[in-house]
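Please consult the sequence and the structure shown below.

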Amino acid sequence: MPTSANSNHPSRPEDLIGRLNSAHTPILEARRCSSVVSILSSAAAAQDGGGGNREFHESVLIQSAAAIGSFACGLDEGVKAVLDAGAFPLLMSLISHLNEKVVDAGARSLKLIYQSKLAPKYDFLQEKNMEFLLSLLNSKNENVTSLGASIITHSCQTAAEQQALSGAGVIKRLVCLLGGSINQKDASLESLAAMVKENAEVASKFMGPENGRALGVVIELMKDKYPRTRLLASMCLISIRNTSTSYLQDLGIKNALVLVLLELLDDPGQVGDEAPFVLSGLVTEKEDMQKIAFDANVINKLWEHLTEGSFQTKRLQGIFLALSDLCSKLECCRDRLLDLQVLHIVTEALAHDSAEVRAAACIFLKNVSRSVKNLSAGQFMNEAIAVPLVQLLCDSSTFVQVAALGAISNVVVNFMARKSVFMECGGVKQLVQLTKSMESAIRVNAVWALKNLAFHLSNRCKEEILLELTSTTLVSLINDPEASVQEQALGLIRNLVDGTLNSIDCVFGEDGELLHAIGRQLRRSTSKVEVQIQGMYALSNVASENELHKEAVMNQLLLQASDDKETLLVKFLQSSDSRLRTATLWAIINLTYPGSPNTCRLVNKLWDASIVSQLKNMVNDPCLDVKLRARTAIGQLMIYGDAST
């Protein structure tokens, strides 16, 4: 008779099976964790021997591992409960068990855990860990080899890890697994995609002669009878193609990838949920692939799925992201979507229960609104779109707020007459509030949206922005610790002062606080060139108006830079960045525009500061824009004579 187990635990495998069945009942998180701990205790008692009945204890180990796997299956909260209960190291120890069935049960559960983003990251850079991984990949057990591949898929994220795996011979082993069972094929394809992602060296090794016909095998697997294998083969090829412009440029391969993914969009299960994301990876930032997809009617297919309505949240998110990438460059794609009346579905998605769907809808709206002609026609600036976008600025998810700000930044680039729609629904107040966020991504996108809103805006609307924003907040944004925020803040000021004398007076007021803040930022040695460019254009716009403004700008430009004996003006004219040279020349042109009463005095100041000799050196600048502006500036200066004579 076997010795009885502790009374707190089941003494028979049948009792444990009853508990496993209850694991599928929805329960509170605390009870879920308690159940996991109880099962773990049973497994631990069995592993310790507990009385010498090996067959009994191995049975409990197998069923305990299965129970733990049932908690982890498909639910992140279940995986969290398993990990918090300390199950992971126990399961790992089962991989070294002498009983093959115990090993298999442990491997199955670990594979389920590694399907979650919460699974522990594996450190490939430690030698003992790499040895253990290789032992998994070389195992004769199908689930163990698949576990090894799953660990790679989950944890291989850096170039150093990709190189380490490649150097250890992992590619060759994964290629061998492509000829194994369906589970091994799928796990290997997914791992190879992770290993070659954005790593041309590893991709080159995969395609090298030492791996035989590996690429040809993956291409053939796009025709496999199993939909998931076709999807993963496509994903692997896309990962290879995206590492270098020289890989997989054959038109036949491109067309095949589009057609396979087009077919997989119809899959009713997980493959159909994931297919839009893989399609997105194929076409993102690639105009040639977007055109092929457009010609294959992919947009219409995705539209049909949108109109069907009821499917997984993940699929809806993927469809919006795929459509977003498809219309990121080509006007024909945007036109097709607008012809299909997609905007009314987008407005519904902006209020979806899922934060991921709301964000994806915003990203789509950002890309489809890149169409200048449709922006001008007022397609996007109406209450149906503006109101839900403004509401999303208060969303509980930061990434949704950032996505909404990105959409707003594009939508508000519009003609003056329609911008009031956005302002009337409280958009300005919300944007200004977000410029004070602790999250830099929110701050920069909020200021960016305000900058675009201020572009060609009426003075009345500019005043409304400034009433909310205040010069104190603008000074704070100019001095923000993030260079990207500084750049957008100066761009906002540039747009606010672009126009009439009233707009400049409204921004700068009487004390010149903002003007001094711009000057200080430009004189800092640590300022990024993009910040300097926007600052110079802001000063250039101010210099286009009255004598008081011109004098104030001249005084800022003739101050010495903090790291140089040269004046700010000379330093920027000598910049290696042609954009900054151009912006500085525009400031000089506006300062010396003929007809102003004090222009002659300002010209003399430029002569005294040795600016003219620098301008003469720029008439043959390699940049055409710089060359033309330099000649214009010199022409204006010469109207008032050569001060050197």
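## Packing of helix 33 and helix 35

In helix 33, Leu515, His516, Gly519 and Arg523 meet Ala552, Val553 and Gln556 of helix 35, contact being heavy atoms within 4.5 Å. By class, this contact has 3 nonpolar, 3 polar and 1 charged residues; Ala, Val, Leu, Ile, Met, Phe, Trp, Tyr, Cys and Pro count as nonpolar, Asp, Glu, Lys and Arg as charged, and the others, Gly among them, as polar.

The model is predicted: local features need pLDDT of at least 70, side-chain atom pairs count only at pLDDT 80 or more, and totals for chains, interfaces and linings use all residues. Residues are numbered from 1 along each chain as its sequence is written, and side-chain values use heavy atoms, leaving out hydrogens and water.

The axes of the two helices come within 10 Å and cross at roughly 25 degrees. Helix 33 and helix 35 are therefore roughly parallel (angles under 35 degrees).

| Element | Residues |
|---|---|
| Helix 33 | residues 513–523 |
| Helix 35 | residues 547–557 |
| Helix 25 | residues 398–411 |

Phe399 lies in helix 25. Because its relative accessibility is 41%, Phe399 counts as partly exposed (between buried, under 20%, and exposed, over 50%, with a 1.4 Å probe and protein chains only). Beyond its neighbours within four places in sequence, Phe399 contacts Ala355, Glu356 and Ala359.

Over residues 426–460 the chain is 71% helix and 0% strand.

Conventions
Helices (H or I, at least four residues) and strands (E, at least two) are DSSP runs, numbered from the N terminus. Axes are lines fitted to C-alpha atoms, for helices over the stretch in contact, and angles run from 0 to 180 degrees between N-to-C directions. Angles under 35 degrees count as roughly parallel, over 145 as roughly antiparallel, 65 to 115 as roughly perpendicular and the rest as oblique.
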